[in-house]
Amino acid sequence: MLISFDWLKQLIHIDKDAEEVGALLTGAGLEVEGIETFDLVQGGLEGIVLGEVLTCEPHPDADRLRITTVNIGNGTPSQIVCGAPNVAIGQRVVVATINSTLYPTGGEPFKIKKSKIRGAASEGMICAEDEIGIGTSHAGIMVLDTDLPNGTPAAGFFGLGSDKVFEIGLTPNRADAASHYGVARDLQALTDAKAVLPSVEDFKVDNTSRPVEVEVENSEACPRYAGVTMSGITVGPSPEWMQKRLRAIGLSPINNVVDVTNYVLHELGQPLHAFDADKIKGDKIIMKTVAEGTNFKTLDGVERKLQATDLMICDTEGPMAIGGVFGGEESGVSDETTSIFIESAYFSPDWVRRTGMNHSLKTDASFRFERGTDPNMVLHALKRAALLMQEVAGGEVSSEIVDVYPAPIENKIITLSIERAHTLIGQHVGAERIKTIMTDLGVEVTGETEEFIQFSVPPFKVDVTREADVVEEILRIYGFNNIEMSEDLATTYLAKFPKPYAENVTEAILSYIADNGFHEIITNSITNSNYYQPAGEAEVAGLVRVVNYNSEDLDVLRKSMVFSGLEVLRRNINRRQRDLKLFELGKVYEQLEDGSTKESRKLALYMAGNVTAESWQQQSSKSSFHDLAGVVQNVLRKLNAGDFEVQPLQPNSYMRQGVAYLKNGVVIAELGLLDAGVSRFMEVKEQVWFAELNWDYLLKKYKDNLVAEELPKFPEVRRDLSLVLDKNVTFDQIRHIAFRTERKLLQDVNVFDVYEGDKIAPGKKAYAISFTLLDKQQTLTDKVIDSTMNRLMQQFEKQLGALIRK
């Protein structure tokens, strides 16, 4: 939001500069993100002043030049060589002083320097209007008719002075500050100055020759609607002062009628609209909804299909405007307009927001209506607009004000505990200071005791609905920086944090992954539904769709982390960054059969290209299953996942081969090679290894209980076996059988060689496996070791059909 400092000073007399005001507003919650200088003419006529020609003599060495002395108010007349034919003694002129920069009309800027012209010193320049950029004439220097003192800045004389413009990052809850008057009201509470509404005392009805009837069929959508007719106006350009203020806040002047409505909106925060009165059929305005699918052309020339929930401003024949959002093309003001109906209303924020979203329309009016305007400002703004309209477009008020307000919106009554306020603020402010702050903000004190203050909060304070909101208002005006930090600072409440604290666990795991060469990515959880089409109807059916999406490429919430990561891989690979290790912790969403939505967090890891960069020390090698599996298994170990089961991954929509890690029957991680078709669909030409961990489940089951044990006093023993097995037998099966068979002595099982070839039967493979045995109470004897190994071999033969190669 842009606020003009010059405009602001018309509403509140404040003796501070723009930087001081910006600091005050930022401290009060209206964050000033920047202060820019606005010049109506380039350079703002800086260094250009009024002067008086004291002498004028011919140049001895140039027939067309004159040597003048000019009083520019600095005590010593300046000698200036001038070539204009109309320069003469006694003239009041415009002088560009030394070191000033001129921005001529249609030319390049240049700096005025002290110089010699044909041997005569020249200390400035007497200017024509095109030389200072305010016109096109170059017939001679400007001769002014003024009594202003010499040295007066020319910008002030021409009314072209610079303005300071605040760029305020307005938060959604501060609809009350979405205008110059709203900002002035905050400054009133921050300073001793008083904010003053523009006077409307001169408003009067000239005649009642053009009455317009108003009927509100939907008072829920339009609680208040007011308007007045004006006749005999002349549509044309706005005066320079109005154009200047509109341009300062980034608006382009259109014509005097439209400019007045925009001016009042930004001055008072009340949106207005002007209809051509001659185009209102039946001289009647009706607030209602129309049939679904009705065609309506808005002011931007776009044909729109209306919805049954759109509030329309209609005449007796059809719609004229979308209430609170946008006007219609047919009823708009044109150059031929001579009579207008000015609308000032209060529309329901919910209705305006829904309509704006339905039609993807955002206007200055809808911005304010959907956050909540002031229903009590409706008539004041209407009268202000009528007076300005008479000033800039002529005409007369030709109807009584019509005001349909069947159920006035009441003030909110909030009782504030003084003790509670001081507790929340953390410092004693005092009841009188509290009342002063709230009164300056436009809130009325309606009752008071030693312990409580009762406030009547007007509707424009849409974000003040309870005691805590009142305290927030007090605190932001009192100043957060004015709250002293006590040496014995304490709290009456201490939130309980779960142990272990999930965020600390998350940070530790993500740091570990990053330490292993992975780069973290953060992607949008809204994605493209077309990504899921090749996976089939079942996959598409589970998508959570965005109702009012802004782009067809972003119309669903992601069901898997696969595609958002592939988008990042594609972007990097297309820029010749092919060796990639990425990870992301994010949310996925799924629509369940009962209509509810499931939301969960997943940790995704991606590997593509070479696992190590090429160097003289080692050859580069392609990323493999085991490279990613090692990281995943270490993450599971760090999360104390314990003894998890590993199973071959069932082919799914994204991966054709890989493994699934299960604990208590729940899949805690999946790991494998992404299907080549999925990669090609996403235009990723590299082979991609992908893992997805069930983060919510892993955190829920995580326990940080660590058990420390002494190093064993007795030696461990290793025994090796060679097992010939069917190809479909996995090492994980062997491992589980081993630990079920021997729970006490067996410490570790490891495979150190796998053989498949012509030296064993077809369809078979040989595992070379080591078994580590340890008894923590005594040294193992050969008898115990042999007995243990025999039991293991028996179970391998029985359960797996193993051939033991002894």
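Predicted model: local features only at pLDDT ≥ 70, side-chain atom pairs only at ≥ 80, totals over all residues.
**Exercise 1. A hairpin and its neighbour**

How many residues lie between strand 3 and strand 4 in the hairpin they form?

*Solution.* 
- Step 1. Find the hairpin. Strand 3 and strand 4 form it, with two residues between them.
- Step 2. Check the pairing. Strand 3 (residues 48–59) and strand 4 (residues 62–71) run antiparallel and share seven bridges.
- Step 3. Pick out one bridge. Val53 has Val70 of strand 4 as its bridge partner.
- Step 4. Move on to strand 5 (residues 78–82). Strand 4 pairs with strand 5 over five bridges, again in the antiparallel sense. Here Ile67 has Val81 of strand 5 as its bridge partner.
- Step 5. Look at the turn. The hairpin of strand 4 and strand 5 has six residues between the strands, and Gly73 in this hairpin takes a positive phi near 80°.

**Exercise 2. One face of a helix**

Which residues of helix 7 are buried?

*Solution.* 
- Step 1. List the buried residues. In helix 7 (residues 349–359) they are Pro349, Trp351, Val352, Thr355, Gly356 and His359.
- Step 2. Look down the helix axis. The buried residues of helix 7 fall within an arc of 165°, so they line one face.
- Step 3. Recall the general rule. An α-helix has 3.6 residues a turn, so residues three or four places apart point the same way.
- Step 4. Find the cover. The elements over the buried residues of helix 7 include strand 17 (284–289), strand 19 (303–305), strand 20 (311–314) and strand 21 (319–322). Strand 23 (339–346) and helix 8 (364–369) also take part.
- Step 5. See what comes next. Ser360 follows helix 7 and has a positive phi, near 55°.

**Exercise 3. A threonine in a loop**

Is Thr191 buried or exposed? Describe what its side chain reaches.

*Solution.* 
- Step 1. Thr191 is in the loop between helix 4 (180–190) and strand 14 (213–216).
- Step 2. Apply the cut-off. Buried means under 20% relative accessible area. Thr191 has 15%, so it is buried.
- Step 3. Trace the side chain. It reaches the backbone oxygen of Leu187 at 2.8 Å. The side chain of Thr191 also reaches the backbone nitrogen of Ala193 at 3.2 Å.
- Step 4. Set aside neighbours within four places in sequence. Thr191 is then in contact with Ile14, Lys16 and Leu24.

**Exercise 4. The end of helix 6**

What is Leu268 in contact with, leaving aside its neighbours within four places in sequence?

*Solution.* 
- Step 1. Locate Leu268. It is found in helix 6 (residues 256–268).
- Step 2. Judge its accessibility. Leu268 has 6% relative accessibility, so it counts as buried.
- Step 3. Name the contacts. They are Ser179, Tyr181, Leu197, Pro198, Met377, His380, Ala381 and Arg384.
- Step 4. Leu268 and Ala189 are 79 residues apart in sequence, and their C-alpha atoms are 18 Å apart in space.

Definitions and conventions: Residues numbered from 1 in each chain as written. Heavy atoms only, no water. Buried < 20%, exposed > 50% of the residue type's maximum accessible area, 1.4 Å probe, protein only. Helix = DSSP H or I, 4+ residues; strand = E, 2+ residues; numbered from the N terminus. Arc of directions from axis to C-beta. Contact = heavy atoms within 4.5 Å. Polar contact = N/O pair within 3.5 Å; in protein donor to acceptor, adjacent residues only side chain to side chain. Pairing = 2+ DSSP bridges.
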